[in-house]
Amino acid sequence: MTDKQFKRPDGRKVDEIREMKAKVGVVPNADGSAMFSFGKTVAIAAVYGPKKMHPQHQQDPEKGTLRCTYNMLSFSVTERIRPGSNRRSTEISKITGWALEPVIMIENYPNMVVDVYINILQANASTRCAGINAAAMALAHAGIPMKDMVSSVSIGKLDKQLVVDVNKDEEDWEIGEGATDIPITFTNSGKLTHIQLDGKITTKELKEAIELARKSCKEIYEVQKKALKDVGGVE
Amino acid sequence: MTDRKIIIPGEVIAKGNEYLPGEGTEKQGDEIVAMRYGLAEESNKLVKVIPLSGVYQPRRRNVVIGKVENITFNGWIIDIGTTNNAFLSLTEVPRYVNKDELEEVMNIGDMVIAKIWGINKRGIDLSIKSKGLGKISEGIIIKINPNKVPRTIGKEGSMINLIKEESGCDIIVGQNGLIWIKGDKVENELFAKKAILFVTEKSFVSGLTEEVKKWFEEVKGK
């Protein structure tokens, strides 16, 4: 299936991720923060808490709550988008929370909330993946107990070809069967925490896509790990 | 002292059944796995993670510095920078206080040095029934990152004693990151503050006490 002759618009190999950049401690006022970028997609995540849940009626006396907010800044895309939440950002906020929840251990923080704010500074597809990657690093940086790290990548199906980390040009692919975008999140130990799919794909291709994502997430994990270890620098 | 290095969640710190999991770690099979981000430290086969960042986690017997937020009919609500506000009960004050005269002992906005004597689901209970605790009436208070408090105190108080000696000030470090400095001259207090901020900036350097000694010599030489 991997067609060596396949040409991606930006000349990448089919399993090549765009250049990744990661940094922690970018928001001085937050309890933990991180920046993560895939090429031109840049996400910043800030974590506050654990703190007391407000409004009080949302408090969960059994365990702590993780509250994610995904937001695309109005200047992040070519045509200005209306600031504030919309249908899409509400969905992604929810999804991000679900992708992160299996690894964070906030059972011992009853009535409390961990707030994660994800802002997309610049969008070039795969923003939710960049957001999840940044959020995972920010949560670790905030000292939230976690079982593992998570890394997220989007797998695209362009016509019949699977590619890793789609960009905007590929997302709008119209040749053949068109584009299918599959964001996938893995823990470092190889467990899947999130997968989304809307589009057409066969079972066999989906399995291939998951294996491809597993491999790519390892690469992303190394970038996240390096960024977290570099902080402050033990000079 | 063993080599300390930064560890991220899910990373294996040590392998082998002889190791014991300490704070911030968990045993999975024969591996000790980190459950939070911080510095890994091993002593006597006990492996633990020292937090580098994040909010202050209150513990029993911690000495903290807080601000009086509110007065209730039988005590004071104190803000010590944690998620739950702390409560200082009337009975934990070392002298008799009339219930109508609570604000005469401590009013809203006053700073107080207290000790945590209990943590439960409802909140944190404080006490000032010990030497050196109570309302602060003079001196200055500075705030540092709570994760840098252990560094500021040093091993068995080596760092803080050095700063006390050099500046001639009385210093109490609250575990929640607030530090009270009291000297006979404002210059001395500001000097101590400068020294503490120097320590927090350099908190990654090993052999910091020596470094600070050198810094003192430099500053005094001027």
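Predicted model: local features only at pLDDT ≥ 70, side-chain atom pairs only at ≥ 80, totals over all residues.
## A tour of chains A and B

**Select E5 of chain A, residues 112–122.** Look first towards E4(A). E4(A) and E5(A) run parallel, joined by eight bridges. Pick out Thr65(A), which stands opposite Val113(A) in E5(A). Then find Cys68(A), with Val116(A) of E5(A) opposite. Now turn to E3(A). E3(A) pairs with E5(A) over nine bridges, in the antiparallel sense. Here Lys52(A) stands opposite Met112(A) in E5(A). In general, such pairing of strands in a sheet runs through backbone hydrogen bonds, whether parallel or antiparallel.

**Show the largest nonpolar core.** This core has 83 residues. Which of them touch the most other members? They are Ala45(A), Val116(A), Ala134(A), Ala135(A), Met137(A), Ala138(A) and Leu139(A). H2(A) gives the core its largest share, ten residues. Centre the view on Ala135(A). Leaving out residues up to four places away in sequence, Ala135(A) touches Ala45(A), Cys68(A), Thr96(A), Leu100(A), Val116(A) and Ile118(A).

Another core, of 34 residues, lies apart from the largest one. Val68(B), Leu126(B), Val173(B) and Ile179(B) are among its residues.

**Select helix H4 of chain B, residues 186–201.** H4(B) has 16 residues. From first C-alpha to last, H4(B) reaches 23 Å, close to the 22 Å expected at 1.5 Å a residue. Which residues of H4(B) are buried? Colour Glu189(B), Phe191(B), Ala192(B), Lys193(B), Ala195(B), Ile196(B) and Val199(B). An α-helix has 3.6 residues a turn, so residues three or four places apart point the same way. Next, show what the buried residues of H4(B) pack against. In chain B these are strand E14 (140–143), helix H2 (149–153), helix H3 (158–167), strand E15 (170–173), strand E16 (178–182) and helix H5 (208–221).

**Finish where the chains meet.** Here 14 residues of chain B are in contact with 25 residues of chain A. On the chain B side, eight are nonpolar, five polar and one charged.

Definitions and conventions: Residues numbered from 1 in each chain as written. Chains lettered and ligands numbered in written order. Pairing = 2+ DSSP bridges. Helix = DSSP H or I, 4+ residues; strand = E, 2+ residues; numbered from the N terminus. Contact = placed C-beta atoms within 7 Å. Nonpolar A, V, L, I, M, F, W, Y, C, P; charged D, E, K, R; others polar. Expected span 1.5 Å × (residues − 1). Buried ≥ 20, exposed ≤ 12 C-beta atoms within 10 Å, placed from the backbone. Core = buried A, V, L, I, M, F, W, Y, C linked by C-beta atoms within 7 Å.
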